[in-house]
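Hi,

Here is the structure I promised to pass on.

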4 protein chains.
Amino acid sequence: MRVLFIGDVVGNMGVHMIESYLPKLKQEIKPQVTVVNGENATSMGRGITLSIYKRMMSAGVDVVTLGNHAWSNNEILDFIDDTKRLIRPYNFPKRTTPGKGYTMVNVNGSQLAVLNFQGRVFMDNLDDPFALADELVTEIHKTTNCIFMDFHAEATSEKLAIARYLDGKISAVVGTHTHVQTNDARILPQKTGFLTDAGMTGPADGMLGMKPESVINRFLNQRPARFEVLETGRGIISGCYIDIDSKTGHTTHIKTVMLSDDQIN
Amino acid sequence: MRVLFIGDVVGNMGVHMIESYLPKLKQEIKPQVTVVNGENATSMGRGITLSIYKRMMSAGVDVVTLGNHAWSNNEILDFIDDTKRLIRPYNFPKRTTPGKGYTMVNVNGSQLAVLNFQGRVFMDNLDDPFALADELVTEIHKTTNCIFMDFHAEATSEKLAIARYLDGKISAVVGTHTHVQTNDARILPQKTGFLTDAGMTGPADGMLGMKPESVINRFLNQRPARFEVLETGRGIISGCYIDIDSKTGHTTHIKTVMLSDDQIN
Amino acid sequence: MRVLFIGDVVGNMGVHMIESYLPKLKQEIKPQVTVVNGENATSMGRGITLSIYKRMMSAGVDVVTLGNHAWSNNEILDFIDDTKRLIRPYNFPKRTTPGKGYTMVNVNGSQLAVLNFQGRVFMDNLDDPFALADELVTEIHKTTNCIFMDFHAEATSEKLAIARYLDGKISAVVGTHTHVQTNDARILPQKTGFLTDAGMTGPADGMLGMKPESVINRFLNQRPARFEVLETGRGIISGCYIDIDSKTGHTTHIKTVMLSDDQIN
Amino acid sequence: MRVLFIGDVVGNMGVHMIESYLPKLKQEIKPQVTVVNGENATSMGRGITLSIYKRMMSAGVDVVTLGNHAWSNNEILDFIDDTKRLIRPYNFPKRTTPGKGYTMVNVNGSQLAVLNFQGRVFMDNLDDPFALADELVTEIHKTTNCIFMDFHAEATSEKLAIARYLDGKISAVVGTHTHVQTNDARILPQKTGFLTDAGMTGPADGMLGMKPESVINRFLNQRPARFEVLETGRGIISGCYIDIDSKTGHTTHIKTVMLSDDQIN
Ligand SMILES: [Fe+2]
Ligand SMILES: [Fe+2]
Ligand SMILES: [Fe+2]
Ligand SMILES: [Fe+2]
Ligand SMILES: [Fe+2]
Ligand SMILES: [Fe+2]
Ligand SMILES: [Fe+2]
Ligand SMILES: [Fe+2]
């Protein structure tokens, strides 16, 4: 089966890219499953709304993943328990976190488990992603070998470490969060597909999606600043696609995707 | 000369403690100079307003210092250049930061320099407090030997390190920011007075001044939370006083102060 | 029952303080149980050896707790599973960590559970101390109401948060790690005793036990440095004692202790 | 002029890649200047020796840059003041840091300034790279418009921010430190070339150059670990080349390079 993964969708332009260009991209790549990280999808660039989730599903997305910005729009607490295909990092505290950290997708009679986990290096104090992923993957193996993980993390070492740790037990690990696509898509020794970061989707000419001035000023003056999403210029859609052997769960092919809006039409 | 220093004033109750109890405390301790950290003085517990600054001055405060929350109420950008006795950490970026990082106070013909610096360990990326303090202290020595520093920092090691580094060159270093008074007031070998943290002023029964539930929930669920200042219960006023030899600038005595409102009346 | 707790023992001088002065201190305070944090007890100031553990037990210590430096002397991996009264933070990863995170002490027919946990703010990515402590305390309540916790943490907010979270469920929470004693020993509303930090035991004139030059130089030049334990000057012993009602587990009295060697003789 | 930049050289295999494959790569790319980041070049993967520096120069390197590991082999303190083309991050503390942070290279009568700076987000507390770079670039403009910067940093936001801040004032900013090449080489609006990270040079099959087991175990057990450089498997050489207009200093072309040893022969 072929899985298309799209990295952090930022702001109105990001959602617009999903609505306008994802259908064209799917026609070209022909994935069976499309997963999109939506942690920055509101017009503020932080969190997601129910309406945006629904627009993504209508545009052909099968699963929406999140990250450290999952709760930035706190309306999510009202709808996350009712949205079947919206998942948040599995390793938020078990006792206190609504929603779920993975979902199963039916693909022509096979099942694909889509997992969302978050790293801890330079990030929030979540539960141990290594121990929990190990446990969860063992459980999911009773149902399917096809397992895809969006690992939302800052440090390249933690991203590669979890992929190597799960190598052979999971189909693919694709990183998100840095908003910059890496050039290291590859298949690890035990056949797990890996990409350190998928990159972002939305305004191409900003600072990771934001207006440059506010971000630069934050560095220059070290005062708190509210970053605003850039609303002008070119759009970009970034991600990768992965071919998974439905029987073994092995990745047979992984390739990055990065297109600006003028390239897609 | 005797300097009274009061640690981080939090919220309405903190400002109320300054207005109601500081005059009584001053009658007892009889300081020539009173310095108060006001970085948490708004009703939100973050930043300061012009009106609060003025109320503090009317209540007998001579200098107000700040810290990492200096800019949380961004109206400060409008008035900090006009307030003679409101200082912010000296080591914010020189090119882009309004206001000033120290001020001189006349004490019966002697001058006391009051300095505000901020640490970097686990905090913002400010300029080097060690190098800048060294430079500034050398400059001030042309005018006076009496120099008091509010060092706003998280790590005990950085607080003690700057005090030992400046030992003999400065009259006293008193730490702020943790909101918990430490039990280590002492005079260092070269006669610099030192206290790791002065503690906070305001609601005694909260979590460093905030409502306990919101802070605890932040730890339990790892989601963003807006902390609210506690408005009920006892108030506390924390700080220390320091006797400085006006000639040598040496500290001859340093003692912590911590009183709840029922103790002061 | 009365529990004496002694904060981070640093280096040879720290161990010497335990051997020479703890017996005298115990004669004065008359605790039924003595707990000592030994995470810095080697001559390097990091970790503990089997021999030092045994010397502490011979000197009248009942339980030795640890912290982030638990594994700095990696010989501990050989002996921690055989040392009945040496505990390490409970919330290190369950699957991979030898030793145990709590122990039961018999006190005249009552049982005292001694727990060691570590914070996460500005520290290692351990498992959730709030969730795990809640679970463990519920389990221990089947046996006893008397529960003491050494919470090894950096941030004052996390220390107070766990104490408030466990208020009424546990007898006392005493913080360690900053090596500076705080001035806030008190009984929380539901009768849990609390002290943000117990302070350190060992060289009084250094930088948290270390030679000042190396620590100051680290701040001045930002290059890696090996800190060395100070071997000269006065020694200090810091901690607190707590009176616990054996039936209810409530703290009825808590008081800090801090003595330099000249004060004890 | 064409500049070839090679990202963090790790361990013996990394140095071997420079000696064996750099000459071939240069024949193909034909750069006038070759700059290599050598912060991980010792057999331990941390720091550099004089002998390795000399071997790099003999292999056709013109300038060696460093990063947070600059001082890991502390012999560098003995030779860095005598090595003309070994530079360390400019924004280490001015008063206490040996060596220099930039160097000038003669290229057919034009001058290229090669700068090394380090980021602060999630890293050491160095001096402000934005303020210092601005100042230094202004000074260098008196001599040349051709300025290349190796910006050694963790966070994608800081890397892009400094590049946007210097856009039009400097020829190119290339990031290092994450050891993973990014897929975003481009020319910014004011003609500054940019690449978030050049990637690493050395063992291709490890964890950013290190043996996977030790790194994974560090995540699993949260205990201190000494990472060892991987000495087997394929080697990789990563970087980029940049064409700079010698008159204007503008980048006219930037392209990533990543080759494993089997591809180069
Ligand atoms: Fe994101
Ligand atoms: Fe994120
Ligand atoms: Fe504060
Ligand atoms: Fe603060
Ligand atoms: Fe310690
Ligand atoms: Fe510690
Ligand atoms: Fe490196
Ligand atoms: Fe590095």
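A word on the ground rules first. This is a predicted model, where local features need pLDDT of at least 70 and side-chain atom pairs count only at pLDDT 80 or more, while totals for chains, interfaces and linings use all residues. Residues are numbered from 1 along each chain as its sequence is written, chains are lettered from A and ligands numbered from 1 in the order in which they are written, and side-chain values use heavy atoms, with hydrogens and water left out.

**The sheet in chain D**

Chain D has an open sheet of 6 strands, in the order E4-E5-E6-E7-E9-E8, with mixed pairing. Helices (H or I, at least four residues) and strands (E, at least two) are DSSP runs, numbered from the N terminus, and two strands pair if DSSP finds at least two bridges between them. E4 (102-107) and E8 (186-187) of chain D sit at the edges with a single partner strand each, so one side of each has no neighbour in the sheet. The partner of E8(D) is E9 (residues 193-195), and the two run antiparallel over 2 bridges. There, D:Arg186 faces D:Phe194 in E9(D).

Two helices pack on this sheet. Helix H5 (residues 156-165) of chain D touches E6, E7 (172-176), E8 and E9 of chain D, and its direction makes about 165° with that of E7(D). Helix H4 (residues 129-140) of chain D lies across E4, E5 (110-118) and E6 (147-152) of chain D, at about 170° to E5(D). Contact here means heavy atoms within 4.5 Å; axes are lines fitted to C-alpha atoms, for helices over the stretch in contact, and angles run from 0 to 180 degrees between N-to-C directions.

**How the chains pair up**

Chain C goes onto chain B by a turn of 180° and a shift of 0.0 Å along the axis, with an RMSD of 0.0 Å. C:Thr182 is the residue of chain C that comes closest to the axis, at 1.9 Å (C-alpha). Both copies use the same surface, as 100% of the contact residues of chain C recur in chain B.

A:His69 is in the loop between E3 (63-65) and H3 (76-79) of chain A. Is A:His69 buried or partly exposed? Its relative accessibility is 23%, so A:His69 counts as partly exposed (buried is under 20%, exposed over 50%, partly exposed in between, with a 1.4 Å probe and protein chains only). Beyond its neighbours within four places in sequence, A:His69 contacts A:Glu39, A:Asn40, A:Arg46 and A:Gly47.

A:Asn116, in strand E5 (residues 110-118) of chain A, counts as buried at 0% relative accessibility. Leaving aside neighbours within four places in sequence, its contacts include A:Thr65, A:Tyr90 and A:Asp150.

**Cysteines**

How many disulfides are there over all chains? The count is 0, taking a disulfide as a pair of cysteine sulfur atoms within 2.5 Å. The sulfur of B:Cys240 has its closest cysteine sulfur in B:Cys146, 16 Å away and too far for a bond.

Cheers

Notes
Least-squares fit on C-alpha atoms with pLDDT ≥ 70 in both.
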